[in-house]
Amino acid sequence: MEYTVQKLGLLAGVSTRTLRYYDEIGILKPARINSSGYRIYGQTEVDKLQQILFYKELGLHLDKIKEIVISPSFNAAKALSEHREQLLDKRVQLDKLIANVEKTINFNEGRIMMTDKEKFEGFKQKMVEDNENKYGKEIREKYGDDAVNKSNQKVLNMTQSEHDEVTKLSEDLHTTLAEAFKTGDPAGELAQKAADLHKQWLIYYWNEYSKEAHAGLAQMYVDDERFTAFYDKEQPGTAEFLRDAIYIYTGMKQ
């Protein structure tokens with residue numbers, strides 16, 4: 001069966017403007033253009049649109065989705081299997097949050113007791129699972145399953161007071177790093193303060209700290225575009241600057 005832009009938009013629940021944009025950026029081209037100049041989509045394009053919408057639902061940026069679906073090695077069957085696993089994980093996260101909300105309602109109505117730790121269990125579990133989905137493969141390959149599992153458990157056991165402290169540390173780190181970057185000196189006082197704040201922040205998540213692992217993580221910030229984008233969001237070059245500061249702080253050579 002074939003569809004025009006309007007019919008495919010109605011079928012998929014997306015606007016015709018979106019489909020035209022997908023054509024323009026090359027993520028979803030029509031099968032052909034008919035004699036009247038209308039875009040015509042076939043079954044292959046319908047299936048690809050389904051994949052694109054799956055990835056959007058999972059929170060991927062359009063640039064990344066395009067990179068995946070136009071790759072010569074893209075396997076639709078494997079992608080569907082991966083979508084299923086990710087959606088099941090998402091359902092587990094939602095179920096935990098729902099259970100947490102229901103427990104809080106019962107607590108507020110005086111039917112049960114609830115500790116402060118329990119109030120945040122659902123959120124901490126989601127944070128761990130989100131981190132696994134984004135970076136799990138890389139950090140497990142780099143540090144091993146045992147280290148990552150212990151780190152995840154440390155997060156799950158974090159008290160609200162500890163969570164507040166690490167949040168404040170993160171804010172101080174980014175403020176100090178931004179000021180240090182302006183000096184252009186990774187060996188300077190501000191840059192070394194940022195490196196020390198980064199270490200203090202890591203200790204809340206890592207079961208054990210080592211200079212080698214700290215320096216290795218700093219290098220990952222430069223090697224992995226997702227980390228680089230996070231640190232370079234306000235000022236390009238910040239990830240490399242932090243890496244250099246941490247190398248100096250830990251005594252590890254570049």
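## Salt bridges and crossing helices

A search of the whole structure finds nine salt bridges, a salt bridge being a side-chain nitrogen of Lys or Arg within 4 Å of a carboxyl oxygen of Asp or Glu. The structure is a predicted model, in which local features need pLDDT of at least 70 and side-chain atom pairs count only at pLDDT 80 or more, while totals for chains, interfaces and linings use all residues. Residues are numbered from 1 along each chain as its sequence is written, and side-chain values use heavy atoms, with hydrogens and water left out.

The protein chain as a whole has 13 helices and three strands; these are DSSP runs, numbered from the N terminus, with helices (H or I) of at least four residues and strands (E) of at least two. Of its 254 residues, 32% count as buried, where buried means under 20% relative accessible area, exposed means over 50%, and partly exposed lies in between (1.4 Å probe, protein chains only). The accessible surface of the protein chain comes to about 15700 Å², and 52% of that surface belongs to carbon and sulfur atoms. Among contacts between residues at least 6 apart in sequence, 58% join residues at least 24 apart, a contact meaning heavy atoms within 4.5 Å.

Side chains of opposite charge can pair when their charged atoms come close. In helix H4 (residues 62-69), Glu 67 and Lys 64 lie three residues apart, about one turn of the helix, and they form a salt bridge whose closest N and O atoms are 3.5 Å apart. Glu 67 has a relative accessibility of 47% and therefore counts as partly exposed, and Lys 64, with a relative accessible area of 37%, is partly exposed.

Helix H9 (residues 160-183) holds Glu 179 and Lys 182, which, being three residues apart, are separated by about one helical turn. Their salt bridge brings the closest N and O atoms to 3.2 Å. Glu 179 is partly exposed because its relative accessibility is 38%, whereas Lys 182, at 64%, counts as exposed.

Another salt bridge joins Asp 224 to Arg 226, with the closest N and O atoms 2.8 Å apart. Here Asp 224 counts as buried because its relative accessibility is 13%, while Arg 226 is partly exposed at 32%. Asp 23, Lys 29 and Arg 39, in turn, are linked in a network of salt bridges.

The packing of the helices comes next. Two packed helices are described by the angle between their axes and the distance between the axes. H9 packs with helix H13 (residues 238-250) at an angle of about 90°, with their axes 10 Å apart, so H9 and H13 are roughly perpendicular to each other. From H9, Leu 177, Ala 180, Phe 181 and Thr 183 make the contact, and from H13, Thr 238, Phe 241 and Leu 242. By class, this contact has five nonpolar, two polar and no charged residues.

The axes of helix H10 (residues 189-203) and helix H11 (residues 211-223) come within 12 Å and cross at roughly 105°, so H10 and H11 are also roughly perpendicular to each other. H10 contributes Ala 195, His 198, Lys 199, Trp 201 and Leu 202 to the contact, and H11 contributes His 214, Leu 217 and Tyr 221. These residues divide into five nonpolar, two polar and one charged.

For both pairs, axes are lines fitted to C-alpha atoms over the stretch in contact, and angles run from 0 to 180 degrees between N-to-C directions. Angles under 35 degrees count as roughly parallel, over 145 as roughly antiparallel, 65 to 115 as roughly perpendicular and the rest as oblique. In the residue classes, Ala, Val, Leu, Ile, Met, Phe, Trp, Tyr, Cys and Pro count as nonpolar, Asp, Glu, Lys and Arg as charged, and the others, Gly among them, as polar.

Methods. Accessible areas come from the Shrake-Rupley method with a 1.4 Å probe; for residues, only the protein chains shown count as cover.
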